[in-house]
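A new notebook page for a new structure. I jotted down what I looked up, in the order I looked.

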Amino acid sequence: MAELTRSEVAYVAKLARLTLSDEELDLFTVQLGKILIHAQDMSALDLSELLPTAHPFGLVNVLRADEVRPSLDRDVVLAEAPDAHEGRFAVPRILGEAP
Amino acid sequence: MTTALSIARDVNAGERSASSVLAASLAIVAARNEELNVFLHVDHEGATAMAAAVDERVAQGLNAGPLAGVPIAIKDNMCQTGIPTTCSSRILDGWRPPYNATVIDRLIAAGAVPVGKTNLDEFAMGSSTETSAFGPTRNPLDPTRVPGGSSGGSAAAVAAGMTPLSLGSDTGGSIRQPAALCGVVGMKPTYGLVSRYGLIAFASSLDQIGPFAATVTDSALLLEVIAGHDPRDTTSLPEPSPVLVAHVNDGVAGKRIGLVRELVEGADEDVVNAVNSAAEALRAAGATIVELSIPELRLGLSAYYLIAPAEASSNLARYDGVRFGLRVNGDDVTAMMEATRTAGFGAEVKRRIMLGTYALSAGYFDAYYGQALKVRTLMIDAFRRAYDHVDLLLGATTPSVAFAFGAKSHDPMAMYLSDVFTIPTNLAGEAAISVPFATGEAGLPIGVQILGPGRSEAQLFAAARVLEIADGRP
């Protein structure tokens with residue numbers, strides 16, 4: 001498998017919504033590269049006959065009756081939000097001005 | 001420190017008050033917390049009220065529960081209503097959960113008194129508490145050394161005698177490894193035995209809450225209280241809490257126990273010697289010891305360090321400055337999210353989010369994440385074959401005794417190797433316990449690990465109890 005590059009690390013940081021400094025990019029490229037090299041003990045194996053396990057006991061849907069039950073109070077939840085407005089979470093502008 | 005079992009008995013009998021037990025616990029916290037940095041928050045007011053409520057029940061002639069008046073420390077990644085819960089991260093600094101984790105409800109119903117929240121590696125990512133945003137916890141047995149992690153604060157709380165019990169969470173060894181380094185008993189229960197409702201998610205298919213205690217019996221007592229089906233966790237096993245305390249003295253006569261080469265290889269000589277002595281003690285108690293090799297276990301570390309970060313990168317996407325915790329403003333919503341996450345997460349959390357995002361990204365998914373999930377299957381099959389021949393497995397918990405601060409914190413791969421013996425149990429969803437046995441370098445404790453298939457907790461406690469007695473703690 002090809003070695004991890006600095007530009008790949010920068011791209012992944014963008015996907016993960018993280019801003020990395022030049023020093024962090026250099027450091028992470030080396031550190032993450034070492035971890036991926038360690039993982040090559042797995043890539044050498046032929047596991048084509050095996051099914052993947054995403055969960056130890058297999059996940060099944062758990063259903064309950066479709067009945068309204070008490071839930072957390074909206075004001076209590078919004079009290080922990082960084083910003084709230086008229087019963088909703090408030091965030092900076094998402095859409096630009098109309099052209 | 002008195003055991004939880006005797007405290008609960010005395011409190012229910014009216015021979016001691018829960019309030020006096022709490023006062024003694026808080027006095028030790030006050031004397032040592034500044035030095036050791038075990039608790040991030042101590043809930044004096046709430047704990048005092050809960051202890052008074054226990055005393056009131058006893059005064060009314062009621063049974064106050066199996067943990068009546070027992071102070072307990074809670075790892076700060078479990079939600080308790082109105083109590084600051086940080087995951088040792090700046091991104092949750094100041095957040096107060098609006099609900100209790102199921103384990104908190106069960107503890108309070110059993111008469112236990114949660115005294116506060118303990119330090120951990122940020123979002124439980126680490127093996128030393130050095131990644132905590134609020135400074136590391138010091139090992140009570142040698143403050144120049146780490147307590148292990150990620151549940152280092154909870155292990156240290158018990159080791160320092162602050163509380164007889166504490167709760168931790170174990171994703172790749174985060175209960176067993178600090179238990180070993182602090183000289184206490186730590187159990188990682190079968191996946192699904194303890195509800196994860198209110199446990200802040202790190203890697204959901206691996207995370208499991210479990211007990212810390214000074215004795216095996218106390219550990220079993222605490223697990224009995226917190227285990228059992230919870231409809232609020234869809235991965236919770238659909239069965240009641242197992243009977244454990246009644247079986248702790250069942251012994252190991254007639255059991256077959258596999259001494260696993262891959263669970264000691266690379267460990268320091270003092271650790272290897274302790275495991276061999278433990279095997280001798282189990283044999284003396286009537287078990288048959290079988291030497292085994294399970295080469296698949298060597299792949300655990302690689303699989304874990306792709307699967308856990310992949311799940312974490314998804315779980316930690318929720319910290320975006322919108323609904324709770326830190327917000328750092330930006331010109332638009334994307335800039336706000338990026339500024340918040342950049343300021344809120346520490347280096348190790350960023351590293352794991354990056355690794356997980358990479359492993360899940362287009363072009364690499366099959367090669368890394370997909371292959372790791374198949375290795376997980378390989379490991380489950382290997383354990384199953386081993387358990388066709390033996391009842392339990394034996395090995396070391398950690399490669400060495402507690403290490404010094406800074407010894408591994410600059411090399412992530414070296415730190416990850418601290419978990420090499422504990423990770424396979426999490427990947428397989430099975431159970432394992434670390435029990436102190438013998439001492440090593442500088443007189444520091446060594447943890448011996450006993451592993452079992454899913455739902456083998458009663459057998460694990462019984463085997464650990466044999467080692468506890470053999471090590472001179474009757």
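**A strand pair in chain B**

I started with B:Val185 and found that its bridge partner in E6(B) is B:Ala213. I then saw that strand E5 (residues 185-188) and strand E6 (residues 209-213) of chain B are joined by 2 bridges and run antiparallel. Strands pair here if DSSP finds at least two bridges between them; helices (H or I, at least four residues) and strands (E, at least two) are DSSP runs numbered from the N terminus.

A note on sources: this is a predicted model, where local features need pLDDT of at least 70 and side-chain atom pairs count only at pLDDT 80 or more, while totals for chains, interfaces and linings use all residues. Residues are numbered from 1 along each chain as its sequence is written, and chains are lettered from A and ligands numbered from 1 in the order in which they are written.

**The whole sheet**

Next I followed the open sheet of 11 strands in chain B, with mixed pairing and the order E1-E3-E2-E4-E6-E5-E10-E11-E9-E7-E8. Strand E1 (39-42) and strand E8 (288-292) of chain B are at the edges with a single partner strand each, so one side of each has no neighbour in the sheet.

I also looked at what lies across E1 and strand E3 (113-118) of chain B: helix H3 (residues 44-59) of chain B, at about 160 degrees to E3(B). Angles run from 0 to 180 degrees between N-to-C directions, with axes fitted to C-alpha atoms, for helices over the stretch in contact.

**Where the chains meet**

Last, I found 41 residues of chain A in contact with 52 residues of chain B (C-beta atoms, placed from the backbone, within 7 Å). H2(A) gives the most to chain A's side, with 6 residues.

Technical notes: Two residues are in contact if their C-beta atoms, placed from the backbone, lie within 7 Å.
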